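Student: I would like to go through a structure by asking about it piece by piece.
Tutor: Here it is; the questions follow.

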Amino acid sequence: MASRKEEKPTSDEQSKQKIFTSALKSMLRRTSRPKNLRDLGIKTLRNLPTNITIVRGFMKAINWREAQGEVLQGLNNTVAIVGQPNSGKSTLFNQIIGKQISPVSPEAGTTKSLIRSDFGPFTLIDTPGHLPDVMESGMDQASVIVFLIDGTKGFQNKDRELYEGIKKLNKPTIVVINKVG
Ligand SMILES: Nc1nc2c(ncn2[C@@H]2O[C@H](COP(=O)(O)OP(=O)(O)OP(=O)(O)O)[C@@H](O)[C@H]2O)c(=O)[nH]1
Ligand SMILES: [Mg+2]
């Protein structure tokens, strides 16, 4: 009878597991550490990693498709990045994911359609700033909206108009002042 050899985790898997374990430990409050993953919520988290490399490692370390079923039942998890042309949406999108998926240029109107990518349990959507209808369809699909404002230009009338439209959707919205550095 053939004996089955136990498969050892690769060093890549081990290091991913290590990142996951240490990130999770650091994020959980000592006082109210949940007994199982179902109890895991935003309130139980602290010391969220501020380094995007660690966040990416954490996102890659987990089988999110499985974890979603266990932990995030019913949670809508699509995030749309919106804002005026050239405000830096695609730059932020690429920076979060860690790959140059969405073209970036100094010219306004670079993004011409919705661009999607998975990021851990989330789906990120980059939107074209100069195509309001397409941007709106991205926002319709989103459960959270990230609204970018170009800090070098300040809050413009067009930003106000877009914000009025976002408010009507009644979705959680994060306003980001970009290009401040
Ligand atoms: N200084 C500075 N420049 C930035 C920043 N983010 C983006 N940029 C630059 O701004 C320009 C436009 O960036 P994009 O990411 O293409 O802008 P976008 O909002 O996707 O533009 P559209 O696709 O036209 O809607 C590029 O030259 C970027 O390098 C930032 O935080 N600081
Ligand atoms: Mg773009």
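This is a predicted model: local features need pLDDT of at least 70, side-chain atom pairs count only at pLDDT 80 or more; totals for chains, interfaces and linings use all residues.

**Ligand, strands and helices**

Student: Which helix gives the most to the shell around ligand 1?
Tutor: Helices (H or I, at least four residues) and strands (E, at least two) are DSSP runs, numbered from the N terminus. A residue is near a molecule if its C-beta atom, placed from the backbone, lies within 6 Å of it. With 3 residues, the one that gives the most to the shell around ligand 1 spans residues 89–97 and is helix H4.

Student: Which residues come nearest to ligand 1?
Tutor: By class, the shell has 5 nonpolar, 14 polar and 2 charged residues. Here Ala, Val, Leu, Ile, Met, Phe, Trp, Tyr, Cys and Pro count as nonpolar, Asp, Glu, Lys and Arg as charged, and the others, Gly among them, as polar. Of the 21 residues around ligand 1, those that come nearest are Gly88, Ser90, Thr91, Thr111 and Gly129.

Student: In what order do the elements of the protein chain run?
Tutor: The protein chain has 6 helices and 5 strands. From the N terminus on, they run α-α-α-β-α-β-β-α-β-α-β.

Student: Which strand does E1 pair with in the parallel sense?
Tutor: Two strands pair if DSSP finds at least two bridges between them. E1 (residues 78–83) has 4 bridges to its parallel partner. Ile81 has Asp126 as its bridge partner there. The strand covers residues 122–126 and is E3.

Student: Which residue of the hairpin of E2 and E3 takes a positive phi?
Tutor: Strand E2 (residues 115–119) runs antiparallel to E3, and 5 bridges join them. Phe119 stands opposite Phe122 in E3. The hairpin has 2 residues between the strands, and the positive phi, near 55°, belongs to Gly120.

Student: Within what arc do the buried residues of H4 fall?
Tutor: A residue is buried if 20 or more other C-beta atoms lie within 10 Å of its own, exposed if 12 or fewer, and partly exposed in between, with C-beta atoms placed from the backbone. In H4 the buried residues are Lys89, Ser90, Leu92, Phe93 and Ile96. They line one face of the helix, because the arc, taken from the directions from the helix axis to the C-beta atoms, is within 160°.

Student: What do the buried residues of H4 pack against?
Tutor: H4 is followed by Gly98, whose phi is positive, near 90°. The packing partners of its buried residues are strands: E1, E2, E3 and E4 (144–150).

Student: Which residues of H5 are exposed on the other side from its buried ones?
Tutor: Helix H5 (residues 132–141) has Met135, Gly138 and Met139 as its buried residues. They cover an arc of only 100° around the axis, so they are on the same side of H5. The cover over them includes E1, E3, E4 and helix H6 (157–169). On the other side, the exposed residues include Asp133 and Asp140.

Student: Is Val79 buried or exposed?
Tutor: Val79 is found in strand E1. Beyond its neighbours within four places in sequence, its contacts are Phe122, Leu124, Ile125, Ala142, Val144 and Val146. Because Val79 has 20 C-beta neighbours inside 10 Å, it counts as buried.

Student: Why does Asn86 count as buried?
Tutor: Asn86 is found in the loop between E1 and H4. Its phi is positive, about 75°, although Asn86 is not a glycine. It counts as buried because its C-beta neighbours inside 10 Å number 21.

Methods: Residues are numbered from 1 along each chain as its sequence is written. Chains are lettered from A and ligands numbered from 1 in the order in which they are written. Two residues are in contact if their C-beta atoms, placed from the backbone, lie within 7 Å.
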